[in-house]
Amino acid sequence: MDNFYLLMIAALAILAIADLVVGVSNDAVNFLNSAIGSKAVSFKTIMIVASIGIAFGAVFSSGMMEVARKGIFNPGMFMFSDIMIIFMAVMITDILLLDFFNSIGMPTSTTVSIVFELLGAAVAVSLIKIGADGGNFADVANYINTAKATMIIFGILLSVIVAFSVGAIVQYFSRLLLSFNFEKKAAWAGALFGGVALSSIMYFILMKGIGGTNYAAQSFDLIGGTIKDFLENFVYQIIVINLIFWSAVSYILINFFKINIYKIIIIAGTFALALAFAGNDLVNFIGVPIAGWQSYEAWVASGVPANEFAMSVLAEKVATPTMLLFIAGMIMVLTLWFSSKAKAVVKTSVDLSSQSDTKERFEPTFTSRVLVRGSILFSRYFSVLIPNSIQNKIDKQFEKPVIALVQGKKLELPAFDLVRAAVNLMVSGVLISIATSYKLPLSTTYVTFMVAMGSSLADRAWGSESAVYRVAGVLNVIGGWFFTAIMAFVASGVTAYLIFLGGPTMIAILLLIAVVLLVRNSLRHIKKSKETKAEDSLNRSESKSVKGVIEESADNISKVLKRVSKINENTINGLINEDLPTLKKAKNAVVKLEAEIEDLQNNIFYFIKNLDETSVSASTFYIDVIGDLQDIAQSVGFISKVSHKHIHNNHKGLKTNQAKELKEIDEKLTHLFSKIRTIFDNRSFNKITSLLEEKQELLSIVSAYAQKQVERTRTTESSPKNTTLYFSILLETEDLIKATMDLLELYATKKK
């Protein structure tokens with residue numbers, strides 16, 4: 001049995017490494033979104049600053065490991081064998097849950113995950129023990145630290161509301177003070193803002209980054225007690241001194257050295273949040289494995305059977321070896337640099353808070369529409385109460401500067417400006433510091449995300465063009481948080497029960513399932529990333545001249561026809577062979593193509609704004625090209641959908657003659673698309689005229705086969721569904737040919 005538990009400790013160690021990777025991938029959004037979204041400094045600089053913060057925070061995190069040992073349950077009520085079941089269930093559940101959220105690019109809370117997993121597994125094991133002893137459900141209170149669990153849940157709900165509200169209020173007044181032309185404001189305004197922001201961030205580093213570690217418990221005669229006592233007893237003095245000092249420093253940097261103080265704030269804030277993240281959230285990833293290892297050491301030293309050794313030892317304060325913390329920190333840093341999933345999670349947060357239009361990830365919901373309408377009505381009512389002169393002055397402060405769209409650079413604009421990024425970091429730091437000083441539990445993920453959303457709302461980033469999408473996105477993320485808590489509790493409890501029933505065999509099965517799911521999710525993510533970067537993806541036109549638009553559109557046309565040809569080929573083959581997976585693949589490809597073409601259409605506004613006055617005619621050409629591409633995509637989409645529906649509903653398949661005819665048409669279309677692509681790839685537009693002559697030939701073939709089907713229907717055809725499908729495909733193929741030829745005629749006319 002000793003070897004079995006030793007193997008469990010080894011498994012926990014491996015799970016700890018995996019949990020570090022998936023955990024950092026999710027929590028990177030906490031400290032990266034403001035710096036990345038504002039593009040204050042280069043991405044490399046952001047990563048270096050965050051890495052240093054993580055490395056320092058990890059080494060200082062020993063004191064936070066107590067949460068995993070005694071924060072959620074009463075360890076003295078459990079035996080060593082019970083504790084190992086709890087810890088194994090927690091780690092398996094945690095990895096799978098966090099990896100799931102990473103895969104869909106949604107930020108969630110590692111704190112909430114670990115807390116509810118510990119709670120779920122502990123409750124499950126408690127119920128097993130109570131049932132064996134003949135007790136009742138009320139006895140669970142003896143095993144679980146209910147007061148702590150209740151406080152955590154309350155802290156979660158409160159942090160969401162407070163973070164959003166405070167973020168919105170601070171951003172609103174910051175914008176009133178600084179406006180969007182903050183760099184042209186008087187030096188005193190930037191110095192005041194810099195003093196408040198930097199003193200807030202510095203206090204955050206002291207309180208949350210260092211105050212929660214073992215080092216803060218050390219006593220110094222110079223300050224008359226421990227560092228922690230000093231920080232808690234002289235709060236106001238520390239704040240005032242910091243405010244005066246950093247305001248003076250900010251003024252000197254702005255006035256004499258011409259340094260952008262907002263960039264300094266963002267760099268310092270990123271370091272502070274990274275430091276606090278590693279120092280306090282590291283427990284979420286390795287706290288349980290370390291507690292398991294320390295439990296194992298205590299049990300081995302006792303010589304008592306595993307099911308008789310009470311784990312009161314976990315209630316004692318035990319330091320975590322610094323080397324383990326250092327190794328964990330290095331794993332976190334490497335993950336930060338190389339995890340593509342971390343970038344996906346950060347992108348969700350940045351997109352939802354973006355000042356400019358982005359490709360919205362979330363569809364509007366009934367709730368988001370109601371909330372937006374309600375906010376608009378409230379805003380109109382409130383604006384009536386404010387005199388027009390004051391309202392005009394306020395609106396002027398929120399007036400966004402017109403940014404010249406430089407060719408090739410338009411899409412690289414920051415998601416939001418330096419002021420909002422600084423506010424996000426400052427407010428997040430202050431709220432987390434206050435919660436720490438009052439020993440209130442909260443999630444750093446919830447705080448940083450909701451502050452970013454509140455500041456976005458106050459900064460009028462959620463305009464009429466995007467509000468319903470952004471609100472829907474925020475509601476989706478918040479819903480995911482509560483889903484995390486519920487799933488963590490239930491899944492961990494079920495896993496603990498399965499381990500209790502199956503023992504070593506069940507642990508092996510669960511670990512195998514975990515590995516398979518992690519590998520599958522990783523492969524899916526890699527595949528999805530490759531699809532996103534695929535060479536056939538469409539590009540927005542950014543040229544300012546007709547010639548440039550013709551060149552850029554030619555690439556898109558070639559790519560569209562390549563994909564349409566493949567989609568149509570898969571559809572016809574899938575229909576002939578009654579192959580549902582192939583038809584589904586074709587249908588999904590159409591959805592992706594239509595979405596990309598729609599994105600091109602959504603870019604028309606910015607495209608027209610970017611044109612030279614002498615090249616305005618390019619806008620008409622560009623609009624016509626997109627219109628023809630939409631018609632082509634709609635035609636092949638209709639063919640794909642009706643074919644998929646026909647086979648999905650198990651209707652009669654195509655007859656031999658029908659299959660042969662459709663295959664012939666598809667081959668001719670594939671050949672035509674191939675020749676068109678060659679012309680557009682080589683820019684040999686003078687050859688278009690010869691292709692236009694094939695239009696009538698193709699249409700005649702389609703018409704002839706339609707006539708044959710009419711004759712079959714009158715004599716031998718007996719399936720109404722089959723006939724309807726065949727005619728639908730022929731008619732839509734006819735539209736596909738016409739839309740393609742219209743596109744060629746458009747180019748032929750323009751190149752003359």
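Arginine 712 is buried, at a relative accessible area of 14%, where buried means under 20%, exposed over 50% and partly exposed in between (1.4 Å probe, protein chains only). The model is predicted, so local features need pLDDT of at least 70 and side-chain atom pairs count only at pLDDT 80 or more, while totals for chains, interfaces and linings use all residues. Residues are numbered from 1 along each chain as its sequence is written, and side-chain values use heavy atoms, with hydrogens and water left out.

Arginine 712 has a salt-bridge partner in glutamate 661, with 3.0 Å between the closest N and O atoms; a salt bridge is a side-chain nitrogen of Lys or Arg within 4 Å of a carboxyl oxygen of Asp or Glu. Because glutamate 661 sits in helix α23 (residues 656-682) and arginine 712 in helix α25 (residues 694-715), the pair ties together parts 51 residues apart in sequence. Helices here are DSSP runs (H or I, at least four residues), numbered from the N terminus. Glutamate 661 is buried too, at 6% relative accessibility.

The structure holds 10 salt bridges. In one of them, arginine 460 meets aspartate 395 at 3.1 Å, N to O. Here both partners are partly exposed: arginine 460 has a relative accessible area of 34%, and aspartate 395 has 29%.

Turning to helix α22, histidine 646 has its place there and is buried, at 5% relative accessible area. Leaving aside residues up to four places away in sequence, histidine 646 touches His651, Lys652, Lys721, Asn722 and Leu725, a contact being heavy atoms within 4.5 Å.

Terms used: Helices (H or I, at least four residues) and strands (E, at least two) are DSSP runs, numbered from the N terminus.
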